[in-house]
Amino acid sequence: MPDAERLQKVLAAAGIGSRRACEELIDAGRVTVGGKIATLGDKVDAETAEIHVDGERVVTNTDLVYLAMNKPRGVVSTMDDERGRAALADYLDRVPQRVFHVGRLDADSEGLLLLTNDGAIAHRLTHPSFGVAKTYLCEVPGPVRRGLGKQLMSGVELDDGPARADGFRVVDSIPGRVLVEVVIHEGRNHIVRRLLAECGYPVTRLVRTAIGPIRLGDLKPGRTRRLNRGEIAALFKAVA
């Protein structure tokens with residue numbers, strides 16, 4: 001491998017620790033490369049090697065980026081919009097790499113989007129066979145009848161086939177409005193809005209708060225942040 005470097009150097013560059021600390025991890029048998037326990041002296045290509053430390057994937061290709069974004073309401077989930085509407089690229093001027101969004105949120109919805117230039121993990125995160133759950137906060141007219149959660153999780157017949165939620169709970173309630181949390185792994189268009197509307201509760205506001213292990217947290221609308229090493233490892237584990 002003409003681009004191969006010593007494993008401890010690659011791990012140190014990925015932020016695992018000093019070279020000496022990385023050597024100790026390798027010597028303790030805590031590092032695998034391509035599924036095999038690594039040894040001191042091993043060389044790897046940082047751009048292509050599949051490396052795990054204590055069972056967690058470490059991304060060593062420094063060209064790959066993984067971002068969380070809080071998409072504001074009214075912004076379309078495309079990089080550019082031919083109709084001149086606000087689009088994702090309008091908020092990415094500080095991101096030097098060319099990235100693409102993982103999945104979508106309709107213009108009237110807001111909250112967490114993931115952006116990356118890693119096509120492999122983007123495919124896994126959006127493919128239904130991996131079943132990555134997404135969590136939404138939805139504002140609906142109140143009060144909510146008892147048994148709504150059971151109905152959603154048992155399954156609701158929609159125009160394009162049955163759908164069901166993986167989780168449901170009431171978060172907050174004020175006269176006339178209720179905030180509910182819906183967890184679902186399906187990716188059909190407007191699936192959460194359609195599920196709740198079919199049950200008699202049209203959604204007036206929808207915020208995605210989590211995609212698998214990644215949470216929106218206190219990220220402000222229109223802002224992005226880089227995922228930390230632990231979050232990236234958790235993403236890889238979620239689609240393993």
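**Entry 1: a starting question**

Which element gives the largest share of the lining of the largest pocket? I looked it up, and helix 5 does, with 3 residues. Before going on, I noted that this is a predicted model, where local features need pLDDT of at least 70, side-chain atom pairs count only at pLDDT 80 or more, and totals for chains, interfaces and linings use all residues. Residues are numbered from 1 along each chain as its sequence is written, and side-chain values use heavy atoms, with hydrogens and water left out.

**Entry 2: the whole chain**

I found 6 helices and 17 strands in the protein chain; these are DSSP runs (helices H or I, at least four residues; strands E, at least two), numbered from the N terminus. Along the principal axes, the C-alpha atoms fill a box of roughly 65 × 40 × 35 Å. Of the 240 residues, 41% are buried (under 20% relative accessible area with a 1.4 Å probe, protein chains only; exposed is over 50%, partly exposed in between).

**Entry 3: the pocket**

Back to the largest pocket, which has a volume of about 510 Å³. A pocket here is an open set of points on a 1 Å grid over the protein atoms alone, with protein on both sides within 12 Å along at least five of seven lines, while a cavity is a set where a 1.4 Å probe fits but cannot get out; lining residues have an atom within 4 Å of a point. Grid points are joined across faces, edges and corners, and a volume is the space filled by probe spheres set on the points.

I counted 25 lining residues for this pocket, with R104, G187, R188, N189 and R208 nearest its centre. Helix 3, strand 10, helix 5 and strand 15 each supply at least two residues of the lining. By class, the lining has 9 nonpolar, 9 polar and 7 charged residues (nonpolar: Ala, Val, Leu, Ile, Met, Phe, Trp, Tyr, Cys and Pro; charged: Asp, Glu, Lys and Arg; polar: the others, Gly among them).

About 50 Å³ of space lies in the largest cavity, and its lining includes Y66, V102, L115 and L235. Strand 7 (66-71), strand 9 (110-116) and helix 3 (119-126) each give two or more residues to this lining. Strand 9 has the largest share, 3 residues. The lining has 9 nonpolar residues, 1 polar and no charged ones.

**Entry 4: strand 9**

Why is strand 9 largely enclosed by the rest of the structure? I checked its residues: 7 of the 7 are buried, so the rest of the structure largely encloses this strand.

I then followed its partners, where pairing takes at least two DSSP bridges between two strands. Strand 7 runs antiparallel to strand 9 and is joined to it by 6 bridges; M69 has L113 as its bridge partner there. Strand 8 (residues 100-102) is also antiparallel to strand 9, over 3 bridges, with H101 opposite L115. Strand 15 (residues 205-211) pairs with strand 9 in the parallel sense over 2 bridges, and the bridge partner of G111 is R208.

**Entry 5: the cores**

Last, I looked up the nonpolar cores (sets of buried Ala, Val, Leu, Ile, Met, Phe, Trp, Tyr and Cys residues joined through side-chain atoms within 4.5 Å). The largest has 33 residues, and C138, V140, L152, V182, V192 and L196 touch the most other members. Leaving aside neighbours within four places in sequence, V192 is in contact (heavy atoms within 4.5 Å) with Y136, C138, V182, I184 and L206. A second, separate core has 19 residues, including A68, V207, L227 and L235.
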